[in-house]
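Biologist: I would like to learn how to read a structure like this one. Could you take me through it, feature by feature?

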Amino acid sequence: MTQFVFPRDFLWGASTSSYQIEGALQADGRGDCVWDTFAAAGRIADGSTAKTACDHFHRWPEDIALLKAAGFNAYRFSIAWPRVLPTGTGAVNAKGLDFYDRLVDGLLTAGIRPMACLYHWDLPQPLEDRGGWQGREIIQPFADYAAVVAARLADRVKDWMMLNEPNVVAIFGYGVGDHAPGLKLGEVGILKALHHQNLAQGAAFRAIAAAHSGLRLGTVINLEPCLAESDDPLDVAAAARWDAVWNRVALDGVLRGMIPPLLAEKMADFVRPGDEELIGYPIDLLGINYYSKMTMKHETGHPFDVWWGDAHCQRWTGMGWPVQPDGLYDLLMELKRDYGNLPVYIAENGAAYDDEVAADGQIHDAERVAFFKDHLAAVGRALADGCNVKGYLCWSLLDNFEWAFGLAKRFGIVRVDYETLQRTPKDSYRFLSTVAKQGRL
């Protein structure tokens with residue numbers, strides 16, 4: 001049996017996002033975001049809302065205690081833009097910042113490193129009404145918002161991630177309409193949203209760096225190796241196009257300051273001279289969200305004439321996603337080869353399954369335990385082969401509001417009873433706790 005020993009300074013923890021766990025959507029002056037509007041329009045599959053979610057807004061001390069008891073030393077959370085700036089711009093809502101003050105102080109008291117993400121999809125609705133990520137008008141408001149939050153928290157929070165999964169926001173929010181704001185703008189809508197997120201991110205990096213020193217600045221991208229379903233040249237070309245859209249616009253933007261050549265012509269109408277310099281930034285860390293590989297095929301009628309193909313996989317999660325831990329190893333090695341060995345964190349990795357409460361009141365989520373074990377082994381292999389992986393943050397600490405699926409899909413290592421809000425650690429929680437405390441797998 002192979003044993004993987006992780007570095008002594010390796011970070012172990014969990015990730016969450018504000019909209020998915022906080023609840024308290026009308027508390028202390030918070031404004032509306034695009035997901036509030038999306039839910040109100042009846043777009044959530046199970047008809048639920050995030051009005052309460054996990055009520056983390058009131059129960060954060062309990063959730064910090066869960067992190068500490070697990071032996072975790074890091075926690076990536078996101079800050080709700082409409083809680084800080086209810087209309088996206090203008091007057092700062094001090095009570096909104098006060099919440100994150102309390103959270104950060106609680107984490108530090110517990111010996112847990114706070115890692116803040118500034119944007120995990122909860123765009124203030126007034127900014128979407130002005131074009132959202134489709135136009136350049138959003139660039140300065142995001143930079144201003146970043147500066148406001150850093151001014152309050154940068155004395156204690158040293159790790160900052162600007163965006164979470166800009167590719168998912170662009171494709172599902174603006175391209176095909178499955179996520180908020182629910183627009184079906186096709187290829188141009190996707191690429192505009194990607195580019196304007198890149199520009200806003202670059203502006204935010206510079207705004208924070210101008211006012212603070214000693215911070216570690218980075219971003220979080222959902223990265224998935226893109227494979228062709230077959231050797232058919234049409235499928236091979238389709239996989240390359242999807243790789244450019246899904247992975248390279250965000251990666252090449254921040255790490256190389258460039259537009260992927262495969263997409264340069266499609267983006268020419270809205271990429272201005274000087275933009276490539278503005279989207280690039282010498283980041284200190286890269287957060288990687290990994291769930292599976294992507295097997296793609298040529299199929300007309302979809303953006304970029306690409307659609308999901310047959311993954312030829314034996315294991316699947318409750319989301320219908322293939323379980324492919326080898327893809328995480330391949331991804332880490334590819335990043336090291338193509339982009340240099342910058343510090344990377346696994347910022348999300350996890351799986352939804354149809355958990356059941358057993359007769360003993362516990363959740364024996366053996367499939368999730370196996371998922372984590374196999375993916376941690378992939379990280380261990382990458383470390384042994386020289387990748388600069390600094391930490392592993394599972395998705396997610398809590399069962400939560402899973403976007404357009406509502407409360408029906410459970411990703412947590414801690415079960416949340418949505419009627420009582422009781423938290424119950426699962427077997428997967430205990431497994432990760434053991435690995436974190438021992439530093440080995």
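Modeller: Gladly; let us start with a helix pair. Helices (H or I, at least four residues) and strands (E, at least two) are DSSP runs, numbered from the N terminus.

Biologist: Which residues of H9 and H10 make the contact?

Modeller: Contact means heavy atoms within 4.5 Å. Ile190, Leu194, Asn198, Gln201 and Phe205 contribute from H9, and Val245, Val249, Ala250, Gly253 and Val254 from H10. By type they are seven nonpolar, three polar and no charged; Ala, Val, Leu, Ile, Met, Phe, Trp, Tyr, Cys and Pro count as nonpolar, Asp, Glu, Lys and Arg as charged, and the others, Gly among them, as polar.

Biologist: At what angle do H9 and H10 pack?

Modeller: Axes are lines fitted to C-alpha atoms, for helices over the stretch in contact, and angles run from 0 to 180 degrees between N-to-C directions. Here H9 (residues 186-211) and H10 (residues 233-256) pack at about 25°, their axes 10 Å apart. The pair is therefore roughly parallel (under 35 degrees; over 145 is roughly antiparallel, 65 to 115 roughly perpendicular and the rest oblique).

Biologist: How far can I trust such details?

Modeller: This is a predicted model, where local features need pLDDT of at least 70 and side-chain atom pairs count only at pLDDT 80 or more, while totals for chains, interfaces and linings use all residues. Residues are numbered from 1 along each chain as its sequence is written, and side-chain values use heavy atoms, with hydrogens and water left out.

Biologist: Is Leu97 buried or exposed?

Modeller: Buried means under 20% relative accessible area, exposed over 50%, partly exposed in between (1.4 Å probe, protein chains only). Leu97, in helix H5 (residues 94-109), is buried at 4%. Not counting residues up to four places away in sequence, Leu97 touches Val84, Val92, Val148, Val149 and Arg152.

Biologist: And where is Asn93?

Modeller: Asn93 sits in the loop between helix H4 (81-84) and H5, and counts as buried at 13% relative accessibility. Beyond four places in sequence, Asn93 touches Asp28, Gly29, Arg30, Arg83, Val84 and Pro86.

Biologist: What about the whole chain?

Modeller: The chain has 15 helices and 13 strands, and buried residues make up 60% of its 441 residues. Its C-alpha trace spans about 60 × 55 × 45 Å along the principal axes.
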